[in-house]
Amino acid sequence: MSNITVCARFRPLSSKERRDHGDAVCIQCVDSETFVFKDEKAEEFSFSFDKVFYEKSEQADVYRFLAQPIVRDALNAVNGTIITFGQTGAGKTYSMEGPGILECDVAEKGLLPRVVEGIFECTKCSDEMSKYSIKLSMVEIYMEKVRDLFDLSRDNVQIKESKSHGIMLNGVIEMPIKDPPEALLTLSKGIANRAVGETQMNIASSRSHCIYIFTIQQESTKDKRVRIGKLNLVDLAGSEKVEKTGAEGRVLEEAKTINKSLSALGNVINALTCGSTGRGNHIPYRDSKLTRILQDALGGNSRTALLCCCSPSPSNSSESLSTLRFGARAKHIKASPRVANEDKCVKELEIFTPIKSELREKLLNELQESLDFEQVQMLEELLIQEGILFDPCSIEESESAYEDVTSQTVSSLQKAVEELSTIIGQLKKENEALKARVSAEELHQEPIPKFSLLVSISSNLCSFRDWLKSLFLFSTNHYN
């Protein structure tokens with residue numbers, strides 16, 4: 001078990017920040033790992049990270065320290081994830097892409113083009129006993145929907161989980177790439193489809209979280225064994241304060257969704273770093289699409305690095321402090337990267353769902369009486385692919401489905417508690433009102449209309465009874 005790598009990066013002051021505050025900054029360098037941060041109340045905080053990249057740091061320095069070791073491991077089938085985090089306009093997309101994915105000065109190339117070059121350099125340096133094939137996928141999480149940036153018609157990609165392959169995006173397009181120029185051209189087409197918008201803090205603000213997925217397959221020419229490593233680069237949309245960005249209408253709704261998903265990410269970080277690590281400790285990965293996709297990166301089989309991007313200006317000190325505190329918490333997460341399982345043809349025993357298996361056999365036998373064997377086989381395969389029939393060789397799908405139902409039930413019970421608390425609060429208010437009217441009757445001898453109060457209490461209790469009934473039916477339907 002090792003901690004995830006966390007680095008902080010401070011961009012240079014913007015022209016607006018210089019105009020408003022001159023050359024004043026809220027950080028004081030101690031060394032390459034530690035600095036002192038001063039908030040808007042002049043209170044000082046000391047932070048230490050694996051590496052701190054100050055204003056004059058080079059893009060190449062960030063790549064060499066943060067990404068290069070992860071790229072090398074990915075070619076040896078160890079999954080890796082690199083995440084950029086911070087407020088809007090803090091330099092996340094610049095760190096990830098540079099000023100442009102296709103044409104920019106060599107010194108200004110971001111993590112993404114350098115990772116592409118690093119992957120192909122490593123494949124060239126590998127031994128002759130290994131053959132590599134590389135595929136690229138790009139998705140964005142926009143308004144809590146996962147969209148395929150290589151095919152915008154796929155605007156609600158489903159997230160699946162496999163015990164051997166971890167979190168997967170069902171049906172997302174994988175583009176084969178042969179060399180860096182082809183990879184960069186493919187990336188530029190996907191980036192052009194990203195949702196962006198203008199705010200007062202950023203003329204081209206990302207309105208979605210973007211995830212670049214490199215799938216690297218390594219095949220041994222000696223025994224034909226295959227190992228697969230995945231490398232994810234995650235460019236998070238920036239957290240926003242509406243009073244600073246001036247967001248309105250659609251942009252405001254986007255900001256709310258972005259902040260909500262980042263809040264869910266913070267809750268996951270808190271759950272992973274605070275409290276027990278036993279089975280009873282619930283990690284809310286399913287609270288958002290972002291945390292669900294990052295489940296392996298944060299708590300599973302992945303080597304993970306986090307780059308916290310900040311503004312050094314006093315005008316953004318509260319947002320920068322929030323980003324740094326997030327990074328400090330994340331630094332305590334324990335990761336357990338390991339070599340991915342080699343592909344095998346292992347058939348699981350049909351012991352998980354014997355009842356479903358019997359029903360399946362009965363259905364297929366009845367179909368065989370009216371159809372020939374080949375037609376039945378084709379129909380069976382179609383139904384399994386559509387998820388209508390259970391595939392007895394896929395125990396993992398059943399376990400994933402069971403976890404989904406369990407998580408939904410936990411969420412429903414939490415909702416029940418919240419609704420019950422609301423009803424109790426309403427009854428308390430009505431009880432206080434009743435006491436006040438009793439006191440008024442004693443003073444003025446006025447009759448109390450008890451009937452309306454009883455109707456209100458009865459209505460609340462009936463609503464709660466109906467809700468419990470619907471919860472019971474939900475659990476019965478899903479578990480049967």
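1. Strand S10 (residues 158-162) and strand S11 (residues 166-170) run antiparallel and are joined by 5 bridges, and a hairpin of 3 residues leads from S10 to S11. Two strands are said to pair if DSSP finds at least two bridges between them. Helices (H or I, at least four residues) and strands (E, at least two) are DSSP runs, numbered from the N terminus.

2. A word on the model before going on. It is a predicted one, in which local features need pLDDT of at least 70 and side-chain atom pairs count only at pLDDT 80 or more, while totals for chains, interfaces and linings use all residues. Residues are numbered from 1 along each chain as its sequence is written, and side-chain values use heavy atoms, with hydrogens and water left out.

3. Now to the open sheet, which has 3 strands in the order S3-S4-S5 with antiparallel pairing. Strand S3 (27-29) and strand S5 (44-48) are its edges, each pairing on one side only. Neighbouring strands here are turned by 25 degrees against each other on average, direction ignored; the angles are taken between axes, lines fitted to C-alpha atoms (for helices over the stretch in contact), and run from 0 to 180 degrees between N-to-C directions.

4. Within that sheet, strand S4 (residues 34-38) and S5 are linked by 5 bridges in the antiparallel sense, and Val36 stands opposite Ser46 in S5. The hairpin of S4 and S5 has 5 residues between the strands, and Ala42 in this hairpin takes a positive phi near 70 degrees.

5. Which residues of S5 lie on its covered face, and which on the uncovered one? Phe45 and Phe47 are on the covered face, whereas Glu44, Ser46 and Ser48 are on the uncovered one. In a regular strand the side chains alternate between the two faces of the sheet.

6. The helix pair is worth a look in your viewer. The axes of helix H4 (residues 111-125) and helix H5 (residues 180-191) come within 10 Å and cross at roughly 150 degrees. Leu112, Pro113, Val116 and Phe120 of H4 meet Pro180, Ala183, Leu184, Leu187 and Ile191 of H5, where contact means heavy atoms within 4.5 Å. By class, this contact has 9 nonpolar residues, no polar ones and no charged ones. Ala, Val, Leu, Ile, Met, Phe, Trp, Tyr, Cys and Pro count as nonpolar, Asp, Glu, Lys and Arg as charged, and the others, Gly among them, as polar.

7. Thr215 lies in strand S15 (residues 209-220). Why does Thr215 count as buried? Thr215 does so because its relative accessibility is 10%, and buried means under 20% relative accessible area, exposed over 50%, and partly exposed in between (1.4 Å probe, protein chains only). Leaving aside neighbours within four places in sequence, Thr215 is in contact with residues including Ser133, Glu174 and Lys230.

8. An unreviewed UniProt entry annotates a "binding site" that covers Gly86, Gln87, Thr88, Gly89, Ala90, Gly91, Lys92 and Thr93. Its positions are given in the numbering used here, feature names are shortened, and annotations may be inferred rather than shown by experiment. Gln87 is found in the loop between strand S7 (80-85) and helix H3 (92-97) and is buried, with a relative accessible area of 4%. Gly89 is found in the loop between S7 and H3, and at 26% relative accessibility Gly89 counts as partly exposed.
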